[in-house]
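Notebook open, model loaded. I want to jot down what I look up as I go.

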Amino acid sequence: MLKNNGYQFIEETKYPNISESDQRQGEPQPPYEIPLEEGKPLIDLPDPQSIDFGTYDLRKAIEIRRSLRRYPEDPLSLEELSYLLWLTQGIKKEDEKRHVVWRTVPSAGCRHPFETYLSINRVDGLEAGLYRYVATQHKLVALRLDEQFNEQLTEACMGQRQIATSAVNFIWAAVTYRTIWRYSERSYRYLYLDAGHVCQNLHLAAESINCGICAIGAYHDDMADELLGFNPPEMFVIYMASLGRRETNG
Ligand SMILES: Cc1cc2nc3c(=O)[nH]c(=O)nc-3n(C[C@H](O)[C@H](O)[C@H](O)COP(=O)(O)O)c2cc1C
């Protein structure tokens, strides 16, 4: 079998070959955030506009960026976590009437198909476990507070130690219909392109506060989706990243 038959997907998603979108057929637009989990309180995060880590040279951030896989024991502060969430998926502007949000990253057709989950190991003021970022309110919701979650995530990520030793792991889930509503079969191209932008923002934002990340594309899809309670193809893990502080001499 040809190893490059992934091109079949490109072929099938060329404009002449895709079906008319639900948007064109007058279907209602899906929400830009999943509903709040019932009975789970929201956790405040420091207001990103009041966080001041000073300025950092963009060229320097791009030039010194590298994948970091070894992290010291130091925890992140809640300010740092808030800053990183804001710079990766923060909502800058919301037009409830038109049903659109603009975030700190670009997204094809402004569809913004992602939800951010965090597997927290060491963040000041937060218990270890699984959380979701509620971007419309810039808050967190705790979903599972136990250290086993991270062990299971490490297993789903083929035992990569950086997942176990990071301060926090970002897990981005694609809610596919947000993009499919407008782009039908072509959407899957955009989901992955969008995800790249988010992770690069995390790389650069992390550099600016003396942290580092490693993008994670090697994971067992089914294990990861099952662990997070997702139901592909409606929602699935598209990308992850481990994150922690840089060693002072690193
Ligand atoms: C899409 C993608 C998936 C990746 N998946 C992993 C991974 O699962 N594990 C890992 O250790 N590194 C992963 N990486 C990091 C790459 O190995 C790394 O970017 C590459 O070796 C270049 O090194 P640099 O980032 O330090 O420049 C991934 C990077 C990208 C962009």
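How many helices and strands does the protein chain have? I count 8 helices and 9 strands. Helices here are DSSP runs of H or I with at least four residues, strands are runs of E with at least two, and both are numbered from the N terminus.

Before going on, I note that this is a predicted model, where local features need pLDDT of at least 70, side-chain atom pairs count only at pLDDT 80 or more, and totals for chains, interfaces and linings use all residues. Residues are numbered from 1 along each chain as its sequence is written.

**Overall size.** I looked up the box filled by the C-alpha atoms: roughly 55 × 50 × 40 Å along the principal axes. The radius of gyration of the protein chain is 18 Å, which agrees with the value near 18 Å for a compact globule with 250 residues. That radius is taken over C-alpha atoms, and the globule rule is 2.2 Å times the number of residues to the power 0.38.

**Helix packing.** Two packed helices are described by the angle between their axes and the distance between the axes. I checked α6 (residues 176-183) against α7 (residues 187-207): the angle is about 130° and the axes are 9 Å apart. The axes are lines fitted to C-alpha atoms over the stretch in contact, with angles from 0 to 180 degrees between N-to-C directions. So α6 and α7 are oblique to each other (under 35 degrees is roughly parallel, over 145 roughly antiparallel, 65 to 115 roughly perpendicular, the rest oblique).

Which residues meet there? From α6 I list Thr176, Thr179, Ile180 and Tyr183, and from α7 Ser187, Tyr190 and Leu191. Contact means C-beta atoms, placed from the backbone, within 7 Å.

Tyr83, Leu84, Leu87, Thr88 and Gln89 of α3 touch Val198, Asn201, Leu202, Ala205 and Ala206 of α7.

**Around the ligand.** I find Arg66, Ser67, Arg69, Gln160, Cys214, Ala215, Ile216, Gly217 and Ala218 surrounding the ligand, counting a residue if its C-beta atom, placed from the backbone, lies within 6 Å.

Where is Pro233? I found Pro233 in the loop between α8 (221-228) and β9 (235-245), and the peptide bond from Pro232 to Pro233 is cis, with omega near 10°. I also noted His138, in the loop between β5 (129-134) and β6 (139-144). Phi of His138 is near 50°, a positive value in a residue other than glycine.

Technical notes: Contact = placed C-beta atoms within 7 Å.
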